Amino acid sequence: MPLDPQRFLGDLHKLRCFGASGVGKGVVRQAYSNADIAARKWLAERFKDAGLEPYLDPLGNLFGLAGENSLLVGSHSDSQPEGGWLDGALGVIAGLEIARAAKEAGGPPISCVSFQDEEGRFGVLTGSDVWSGKLALEEADGFADDHGNTLANMRSTMADLASDFLPHDRFSGFLEMHIEQGPYLEETGLGIGVVTDIVGIRDMRISFEGRQNHAGTTPMHLRRDVFQALSDFNTALNSRFANVVTPATVWTIGHVALHPNASSIVPGRVEFSLQWRDADADRLARMEAIIRETVQEIAAGHGVAAQLGPVTGIEPAAMDARFQAELAAAAEALAPGKWQKMPSGALHDAANLATVMPAGMLFVPSIGGISHAFDEDTGEADLVLGLQVLNRAACALAG
């Protein structure tokens with residue numbers, strides 16, 4: 001189908017204007033913000049100009065419809081509080097260009113979508129969570145952001161919301177193009193990544209309770225220092241994971257709250273978050289068992305009490321084999337030897353869509369592996385190559 005790369009890049013740069021940060025190419029376009037609503041109005045007009053029917057569902061997911069049983073191509077257009085210009089937006093504008101080219105050529109029907117709140121102002125992948133049926137709208141409406149605004153209140157600020165969600169069987173499958181958000185493609189000189197799986201995530205809150213005491217008069221051998229326990233736990237965990245994990249497995253001790261957090265006091269309590277990600281559900285479970293065992297051993301060794309909170313998370317999602325094959329064939333045709341199959345370490349809407357229809361995903365390189373930052377970027381030649389590969393696969397899958 002006759003793609004117009006300059007039209008594609010022009011639309012991509014225009015979308016960046018909504019919520020432009022003034023720093024590099026960054027954007028501030030959180031879900032339901034004025035910038036996000038303005039961007040969706042602009043997208044709706046671009047859909048209409050392309051011969052697509054704009055449809056804004058009850059949550060604010062924006063579709064550009066091309067007819068029954070069409071292939072759906074897209075991503076999201078909201079951003080992190082400090083976001084990059086390509087994260088999500090790239091997939092939406094790629095979907096628009098491919099759907100528009102199909103219309104112009106009289107090709108098979110291809111629809112486009114921009115899901116709402118993928119970045120999690122109110123939840124995790126909120127728009128596709130609700131549309132896929134994973135999360136009830138009534139439950140999501142009660143979610144609140146960091147400022148106490150509920151999703152119900154914020155979506156009420158959007159005009160023209162439809163009363164019904166579109167049925168899943170209106171679409172034959174879903175394709176999503178995205179920046180890698182990591183360094184692998186750039187470091188290896190590759191131009192395309194064909195996604196095999198989107199990782200599962202597990203989160204847990206853990207606390208150690210020791211004895212707060214004077215930092216000058218308490219001998220080291222009598223201390224029940226929770227920071228020392230946390231430090232030893234981190235070291236032990238890294239060592240014990242070594243024979244279980246793969247190079248693609250990641251884990252992070254993130255938020256740490258140390259009490260009383262004073263220079264002259266032996267800390268008596270620490271609470272911290274632990275998150276681990278992998279594409280294999282069994283490996284995630286084995287990692288959980290190691291975490292639990294290590295927590296108890298470290299607590300006993302330091303004379304502190306341990307408490308483990310509930311484990312929350314999202315299951316791994318495999319991309320459809322046929323969709324992977326078509327993306328791989330397109331990549332080999334247009335970038336021979338310059339592509340590779342790879343898992344995604346970040347969450348994407350395709351993970352939810354894979355539960356209700358065949359889904360596939362394509363990566364292009366991220367300069368420096370940087371994302372969720374104002375200086376996120378990708379070379380325009382890589383953007384266009386990704387568009388061309390996605391279009392070739394879309395033609396085969398939609399036909």
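The largest pocket is lined by 40 residues. Among them, Ile-201, Arg-277, Gly-345, Ala-346 and Leu-347 lie nearest its centre. A pocket here is an open set of points on a 1 Å grid over the protein atoms alone, where a 1.4 Å probe fits, with protein on both sides within 12 Å along at least five of seven lines. Lining residues have an atom within 4 Å of a point. The elements that give two or more residues to this lining are β7 (200-209), β11 (269-278), β13 (312-314) and β15 (339-344). The strand β15 gives the most, with five residues. The volume of the largest pocket is about 1100 Å³. That volume is the space filled by probe spheres set on the points, which are joined across faces, edges and corners.

The model is predicted; local features need pLDDT of at least 70, side-chain atom pairs count only at pLDDT 80 or more, and totals for chains, interfaces and linings use all residues. Residues are numbered from 1 along each chain as its sequence is written, and side-chain values use heavy atoms, with hydrogens and water left out. Helices (H or I, at least four residues) and strands (E, at least two) are DSSP runs, numbered from the N terminus.

Aromatic pairs number 12. Rings of Phe, Tyr and Trp (its six-membered ring) pair if their centres lie within 6.5 Å; planes under 30 degrees apart count as stacked, over 60 as edge-to-face and the rest as tilted. The rings of Tyr-32 and Phe-122 have centres 5.9 Å apart and planes at 70°, so this pair is edge-to-face. Tyr-32 lies in the loop between α1 (5-16) and α2, and Phe-122 in the loop between β4 (110-115) and α4 (126-131), so the pair ties together parts 90 residues apart in sequence. Both Tyr-32 and Phe-122 are buried. Buried means under 20% relative accessible area, exposed over 50%, and partly exposed in between (1.4 Å probe, protein chains only).

Phe-63 and Phe-115 also form an edge-to-face pair, at 6.2 Å centre to centre and 85° between the planes. Phe-63 is in strand β2 (residues 62-65) and Phe-115 in strand β4, 52 residues apart. Phe-63 is buried, with a relative accessible area of 0%. Phe-115 is buried, also with 0%.

Another ring takes part in a charge contact. The charged end of Arg-16 sits over the ring of Trp-85, 5.9 Å from its centre. The rule asks for NZ of Lys or CZ of Arg within 6 Å of the ring centre and within 35 degrees of the ring normal.

Asp-36 is found in helix α2 (residues 34-49). Asp-36 counts as buried because its relative accessibility is 0%. Beyond its neighbours within four places in sequence, Asp-36 is in contact (heavy atoms within 4.5 Å) with Arg-29, Gln-30, Ala-31, Ser-77, Asp-78 and Gln-116. Glu-288 is in helix α9 (residues 281-302). Not counting residues up to four places away in sequence, Glu-288 touches Met-204, Trp-276 and Val-311. Glu-288 and Met-204 are 84 residues apart in sequence, yet 9.3 Å apart in space, C-alpha to C-alpha.

The structure holds zero disulfides. A disulfide is a pair of cysteine sulfur atoms within 2.5 Å. The sulfur of Cys-112 is 15 Å from the closest cysteine sulfur, in Cys-395, and therefore too far for a bond. Cys-112 is buried, at 0% relative accessibility. Cys-395 is partly exposed, with a relative accessible area of 26%.
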